Amino acid sequence: MEGFAARLSSDELKSLRKSRDVVAIRLDRRLEIQTTYSYSFLGLNTAAKQGAWFKSGFGRGAIIGILDTGVWPESPSFDDSGMPPVPRKWTGKCLEGESFNSSNCNRKIIGARFFSKGHGVASTSPTPDTVVEYASPRDSHGHGTHTSSTAGGAPVPMANVLGNGAGEARGMAPGAHIAMYKVCWFSGCYSSDILAAMDAAIRDGVDVLSLSLGGFPLPLYEDSIAIGSFRAMEKGISVICAAGNNGPIQYSVSNEAPWIATVGASTIDRRFPAIIRMGNGKFLYGESLYPGNRIPGSERELELIYVRDGERESEFCLRGSLPRTKVRGKMVVCDRGVNGRAEKGQVVKDAGGGAMVLANTAFNLEEDSVDAHVLPATLIGFDESMELKNYINSTKRPRARIIFGGTVIGKSRAPAVAQFSSRGPSFSNPSILKPDMIAPGVNIIAAWPQNLGPSGLPQDPRRVNFTVMSGRS
C-alpha cells in the first residue's frame with residue numbers, strides 16, 4: 001500500500017492538504033476488538049469422508065493471518081503435531097520481543113509480528129488496573145488467543161472451562177497455519193497499526209486475513225480496513241471481518257465493504273443453566289459458567305438485595321458503589337451496563353457479597369452471554385429480572401439460591417442472530433446488504449492465555465487453558 005503514518009501539527013496538516021501530490025489524509029482512528037462444540041453444531045464431522053470439511057483438507061497448508069491482541073503460543077491449541085511444513089511461499093517473520101522469541105513459532109504459528117507506533121502516539125497511560133502489556137506478539141488480553149484458536153486451533157481433547165462445556169476443541173481450519181499480527185493494546189486498535197499490519201501480511205504471503213475488530217461504520221473512502229482489504233483482495237487474499245457488537249441497532253454493521261466477508265454472530269444450542277429459586281418457591285431461568293455444582297456451599301440460600309443509589313449508580317455495581325454493611329453475605333442483583341459483566345461480580349465480592357444475579361435491562365432483553373464469574377452468579381433475561389425485582393419489592397426479607405446445572409446440549413432452538421450482533425444494511429450505502437452471513441459467536445469456548453483467569457479480570461487468580469467469549473464470529 002502506498003502511504004505512511006505521521007504525527008502532524010495543524011499547520012502541517014493544512015499544508016499537506018493543499019498539495020496536489022497528496023490524494024487523501026485520514027485521521028488515525030481507534031477501533032475495538034469485537035470452540036468445543038461449534039463445529040459439531042455446524043454439522044462438521046471429522047470422520048465423514050464425503051463431507052465438505054474433509055474435502056477441504058481441514059484447511060491444511062493454508063495461512064490465516066490474524067490481526068488482534070497477539071497470541072499465547074504455549075496453548076495446546078497451537079501444538080504443531082501432524083502439521084505440514086511451512087509453505088515455501090511464506091516470507092513472514094517471528095519477531096522477538098518481551099517474553100517472546102523465535103522458538104515460540106512452530107509449524108502451527110509460523111509468523112508473529114507486533115505493531116504499536118500508532119498506539120504509542122495516540123493512547124493515554126494505562127490505569128493501575130490495566131493488564132500488563134507485552135511489547136511483543138505475546139497476548140496479554142486473551143482475545144487474540146481466543147480468535148486464532150477458533151479459526152485454526154489444533155484438536156485438543158477434554159477441553160473445558162472449569163468443568164463446563166467439556167469436549168474436543170478444534171478450530172474451523174485445524175490444518176491451517178497461523179500468522180499473528182498484534183495490533184490491539186490496552187487502549188484499543190489504531191488504524192495506522194492495522195494498515196501497517198495488513199500491508200505486512202500481504203507481503204508475507206497469507207491466504208486469508210481475519211479481523212475480529214471494528215467500530216461504527218464509516219464511508220468506504222475513510223475506512224482503513226476497507227482500503228487495506230481492497231489491496232488484499234487484489235492479491236487474491238480473502239478478508240473475513242466481524243460485523244460488530246452494536247446490535248440490534250439498524251445500520252450499525254461495521255466492515256461493510258463489498259469485498260469483505262462480513263460475519264454476524266449467532267447462537268448455538270448449548271446452554272449452561274444456573275436457575276434461581278426464589279423464597280416464594282418460583283424459579284427463574286439463568287445461565288452461568290461458574291462451577292457451582294462442583295464447589296460446596298455455592299448453592300446455599302441467601303438474602304437477596306437490590307441496592308439503588310442514584311448518585312453512586314449502585315444498581316450497576318460500579319466500583320465503590322456497594323456499601324459493605326448492606327451487601328455482606330447477601331446475593332446482590334446487578335443491572336447490566338456501564339461496566340463489564342464479570343467486573344460486577346468482582347465488585348460484589350470485594351464488598352463482601354456472597355453471590356450475584358446479573359440482570360438484563362430493556363436494552364439487553366434476553367441476550368445470554370455467560371461468564372466464568374469469580375463468585376456464585378447467574379445471568380437472567382429482562383423478563384426474569386422484572387419478576388425478580390417485583391419479588392424483592394413485595395417481600396420483607398427476600399431470599400434466593402442459585403442451582404447450577406452444568407452443560408445442556410440440544411434443548412434450545414438455534415441458530416438465531418445474537419441480540420448484540422450488529423445489523424445492516426450498510427450505513428453509508430444501504431444498497432450493500434450486510435452482514436453476509438452469521439456464524440457461532442455466542443458463548444464460544446476457545447484457547448486462553450495463562451496470565452489471566454477465565455473471567456479476564458486482573459484480580460482473578462484462577463488459571464485455565466480455555467474460557468468462554470461472545471461477540472466475535
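How much space lies in the second largest cavity? About 40 Å³.

**Before you start**

Residues are numbered from 1 along each chain as its sequence is written, and side-chain values use heavy atoms, leaving out hydrogens and water. Because the model is predicted, local features need pLDDT of at least 70 and side-chain atom pairs count only at pLDDT 80 or more, while totals for chains, interfaces and linings use all residues.

**Stop 1: the largest nonpolar core**

Select Leu-67, Tyr-181, Ile-194, Leu-209, Leu-211 and Leu-213. These have the most contacts inside the largest nonpolar core, which has 29 residues. A nonpolar core is a set of buried Ala, Val, Leu, Ile, Met, Phe, Trp, Tyr and Cys residues joined through side-chain atoms within 4.5 Å. Buried means under 20% relative accessible area (1.4 Å probe, protein chains only).

Now colour the elements that give two or more residues to this core: β2 (63-68), β6 (177-182), α6 (191-204), β9 (208-211), α7 (224-234) and β11 (238-242). Helices (H or I, at least four residues) and strands (E, at least two) are DSSP runs, numbered from the N terminus. α6 gives the most to the core, six residues.

Zoom in on Leu-209. Leaving aside residues up to four places away in sequence, Leu-209 touches Gly-65, Leu-67, Met-198, Ala-201, Ala-232, Ile-237, Ser-238, Val-239 and Ile-240. Contact here means heavy atoms within 4.5 Å.

Then move to a second, separate core. It has 20 residues, including Ala-274, Val-333, Ala-355 and Phe-404.

**Stop 2: the strands**

Select β9 and β11. They run parallel, joined by four bridges. Two strands pair if DSSP finds at least two bridges between them. Ser-210 stands opposite Ile-240 in β11.

Turn to the open sheet of four strands, in the order β7-β8-β1-β10, with antiparallel pairing. β7 (184-185) and β10 (213-214) stand at the edges with a single partner strand each, so one side of each is left without a neighbour in the sheet. Two bridges join β7 to β8 (residues 188-190). Show Cys-184, which stands opposite Cys-189 in β8.

**Stop 3: the second largest pocket**

Select Phe-4, Ala-5, Ala-6, Arg-26 and Leu-195. Of the 41 lining residues, these are the closest to the centre of the second largest pocket. Its volume is about 1700 Å³. On a 1 Å grid over the protein atoms alone, a pocket is an open set of points with protein on both sides within 12 Å along at least five of seven lines; a cavity is a set where a 1.4 Å probe fits but cannot get out; lining residues have an atom within 4 Å of a point.

α6 returns here with eight residues, the largest share of the lining. The lining has 23 nonpolar, seven polar and 11 charged residues.

**Stop 4: two cavities**

The largest cavity holds about 60 Å³ of space. Select its lining: Thr-267, Ile-268, Arg-270, Arg-271, Phe-272, Asp-368, Val-442 and Asn-443. Three are nonpolar, two polar and three charged.

Finish at the second largest cavity, with about 40 Å³. Its lining includes Arg-29, Leu-31, Phe-216, Pro-217, Asp-223 and Asn-255. By class, the lining has five nonpolar, four polar and two charged residues. Nonpolar covers Ala, Val, Leu, Ile, Met, Phe, Trp, Tyr, Cys and Pro; charged covers Asp, Glu, Lys and Arg; the others, Gly among them, are polar.

Technical notes. Buried < 20%, exposed > 50% of the residue type's maximum accessible area, 1.4 Å probe, protein only. Points joined across faces, edges and corners; volume = space filled by probe spheres on them.
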